[in-house]
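Please read this briefing alongside the sequence and the coordinates.

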Amino acid sequence: MKLKAVIIDDEKSSRDILRNYLSEYCTQVIVSGEAGTVSDGIDMIRQVGPHLVFLDVEMPFGNAFDLLGALPERNFETVFVTAYNQYALDALNQHAAYYLMKPIDIDELIRAVAYVEEVVNREEMLKDRVLSSRSPKVEGKITLPQQDGFQVLDVSEILFCRADDNYTEIYLSERKLLVSKTLKYFEDALADFNFVRIHKSFLVNINEVVRYKKGKGGSVVLSNGKELSVSASRKKILLSHYE
């Protein structure tokens, strides 16, 4: 599929260079709009509904983070394009798909677009579909420590786990258990049983996921109807489990 893109950069020469590079080296991208300010960029994104936004950081009357803050429920991937490397951590915290330094390296641009293309294509493929994991159900048991001993549980009974500080809530179909272990402990313990960390707070049984909803990170719906948020940084890992 073609990727609709918007370029937001206050320097026209930078927009021209990027547009030309995309036209020559990333033909799967269609530049559907451009803007030179934060406010115009917000309007352009809302008008176009892009898959991908190439975003400069420093602009007149605001910056990239002001723009992203004004679009909290965004359905696009972001590639930062900037001459300043000090914003890399902030870009990561905003779940940017890629961080390109000016002058743009063509190979890096190609890699950035390929990454976004993979995520968007998989999202489109799974949209409005009942999901079936590529991985077969894995049978096994896990031991849960408790104050008076321990409990042995079939891993297939677990729908998802939720972090609660240094505790973890284990959700089963009709009840939940509170265990004095961190979510990271269960992420490691269940790594071979098709459980995936989709968020800092959630670890899900892949075989219980029945639907994915698009968004900045999106969300999953489980077999019991429970909907859980997916962080943007973990979206690609989740989607890789489905055809």
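The model is a predicted one, and a search of the whole structure finds 15 salt bridges. The structure also holds 6 aromatic pairs.

- Glu 34 and Arg 15 meet through their side chains in a salt bridge, with an N to O distance of 3.1 Å; because Glu 34 belongs to strand β2 (residues 29-35) and Arg 15 to helix α1 (residues 12-25), the pair ties together parts that are 19 residues apart in sequence.
- Of these two partners, Arg 15 is buried, with a relative accessible area of 14%, whereas Glu 34 counts as partly exposed at 26% relative accessibility.
- Asp 16 forms a salt bridge with Arg 19, and the closest N and O atoms are 2.6 Å apart; both residues lie in helix α1 with a spacing of 3 residues, about one turn of the helix, and Arg 19 counts as partly exposed at 27% relative accessibility.

- Arg 197 counts as buried at 14% relative accessibility, while Glu 187 is partly exposed, with a relative accessible area of 22%.

- Salt bridges that share partners join Lys 12, Arg 15, Asp 16, Arg 19 and Glu 34 into one network.

**Aromatic contacts**

- In general, a pair of aromatic rings is described by the distance of the centres and the angle of the planes.
- The ring centres of Tyr 21 and Tyr 25 are 6.2 Å apart and the ring planes stand at 70°, so the pair is edge-to-face; the two residues are 4 apart in helix α1, which is about one helical turn.
- Tyr 21 counts as partly exposed at 24% relative accessibility, and Tyr 25 counts as partly exposed at 36%.
- The rings of Phe 160 and Tyr 171 have their centres 4.3 Å apart and their planes at 10°, so this pair is stacked; it links distant parts of the chain, with Phe 160 in strand β10 (residues 160-164) and Tyr 171 in strand β11 (residues 167-171), 11 residues apart.
- Phe 160 counts as buried, at 1% relative accessibility.
- One aromatic cluster is formed by Phe 65, Phe 80 and Tyr 99.

**A charge over a ring**

- The charged end of Lys 181 sits over the ring of Tyr 185, at 4.8 Å from the ring centre.

Notes: Residues numbered from 1 in each chain as written. Predicted model: local features only at pLDDT ≥ 70, side-chain atom pairs only at ≥ 80, totals over all residues. Heavy atoms only, no water. Salt bridge = Lys/Arg side-chain N within 4 Å of Asp/Glu carboxyl O. Buried < 20%, exposed > 50% of the residue type's maximum accessible area, 1.4 Å probe, protein only. Phe/Tyr/Trp six-rings, centres within 6.5 Å; stacked < 30°, edge-to-face > 60°. Lys NZ or Arg CZ within 6 Å of the ring centre and 35° of its normal.
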